[in-house]
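Subject: Structure handover

Hello,

Here is the structure I promised you. My notes on it follow below.

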Amino acid sequence: MADHSIKGKVVLIAGGAKNLGGLIARDLAAQGAAAVAVHYNSASSKAEADRTVAALQELGARAVALQADLTRAGAVEKLFADALAAVGKPDIAINTVGKVLKKPMAEISEAEYDEMMAVNAKSAFFFIKEAGKHLNDNGKICTIVTSLLGAFTPFYAAYAGGKAPVEHFTRAAAKELGERGISVTAVGPGPMDTPFFYPAEGQDAVNYHKTAAALSPFSKTGLTDIEDVVPFIRHLVSDGWWITGQTLLINGGYTTK
């Protein structure tokens, strides 16, 4: 029977330098992951990636920071090749990369549309593709999407629309990779209390989001806290392997499908 524990496994986390990705990296190292490759997008995130790597090493994991612009397929291929060379063949691949745009459709330029699709859909497609090619059998692939996939709302057409294709990428990959024991999932957090959230929202919207979830009164911020998402990621990439092809909305009752 396959070993689905995290102990001794090799992990690659796209967007693993900070926020949710950084906490996932630390959590999996604390659970006994042998090695973690931490991807970061640009020089502006390098210092945070280096701090995360240092924290992982203190937890006993081999760790390396790898830079790549994942909106280019060749860069995703190189990321997996570099990770394999640095830490070994991965067992777990997690993609937390994303970009928010909140605008009426009438105001979204072609350049903005192209960027949102490249960051949120194209990078996810090629990350899943390369993970399927390079992961060990019985591996795990997980992509962070958004709970807006279950919402009926204006202004997020380019953001949620860019994340929506990942649901089908996940289903297709789950079918195609199932014969190798690889599970493929997507997780859609609610609005999270991170620097990723606030720049796109006005204060009125922030106040609304902080009260919108059924369990908001019991959250320290009213929003989805990254500490509440991480245990679900941990489960999906370990004992929760039997869940595959699914998108789970983790949001305290903010929205559902």
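I start with V206. Leaving out residues up to four places away in sequence, V206 touches F197, Y198 and E201, where contact means heavy atoms within 4.5 Å. V206 sits in helix α7, residues 203-212. Helices (H or I, at least four residues) and strands (E, at least two) are DSSP runs, numbered from the N terminus. V206 counts as buried, because its relative accessibility is 4%. The cut-offs are under 20% relative accessible area for buried, over 50% for exposed, and partly exposed in between (1.4 Å probe, protein chains only). The C-alpha atoms of V206 and E227 are separated by 19 Å, and the two residues are 21 apart along the chain.

Two points on provenance. This is a predicted model: local features need pLDDT of at least 70, side-chain atom pairs count only at pLDDT 80 or more, and totals for chains, interfaces and linings use all residues. Residues are numbered from 1 along each chain as its sequence is written, and side-chain values use heavy atoms, with hydrogens and water left out.

Overall build

The protein has eight helices and seven strands. Its C-alpha atoms fill a box of roughly 45 × 40 × 40 Å along the principal axes. Of the 257 residues, 50% count as buried. Among contacts with a separation of 6 or more, 76% join residues 24 or more positions apart.

The accessible surface comes to about 11,700 Å², and 56% of it belongs to carbon and sulfur atoms. Areas come from the Shrake-Rupley method with a 1.4 Å probe; for residues, only the protein chains shown count as cover.

Cores

How many residues does the largest nonpolar core have? It has 42, and those with the most contacts inside it are L12, L70, F80, F127, L135, I141 and V184. Such a core is a set of buried Ala, Val, Leu, Ile, Met, Phe, Trp, Tyr and Cys residues joined through side-chain atoms within 4.5 Å. The elements giving two or more residues to this core are β1 (10-14), β2 (35-40), α3 (73-87), α4 (110-134), α5 (157-163), α6 (165-177) and β6 (183-189). The most comes from α4, with six residues. Beyond its neighbours within four places in sequence, F80 is in contact with L12, A93, F127, E130, A131, H134 and L135. Another core lies apart from this one; it has 31 residues, including I6, V38, V229 and L236.

Single residues

S183 lies in strand β6. S183 is buried, with a relative accessible area of 4%. Setting aside neighbours within four places in sequence, its contacts are G139, K140, I141, L236, W241, I243 and T244.

N19 lies in helix α1, residues 19-30. At 30% relative accessibility, N19 is partly exposed. F155 is not a glycine either, and has a positive phi of about 80°. F155 lies in the loop between β5 (140-144) and α5. Its relative accessible area is 41%, so F155 counts as partly exposed.

Best wishes
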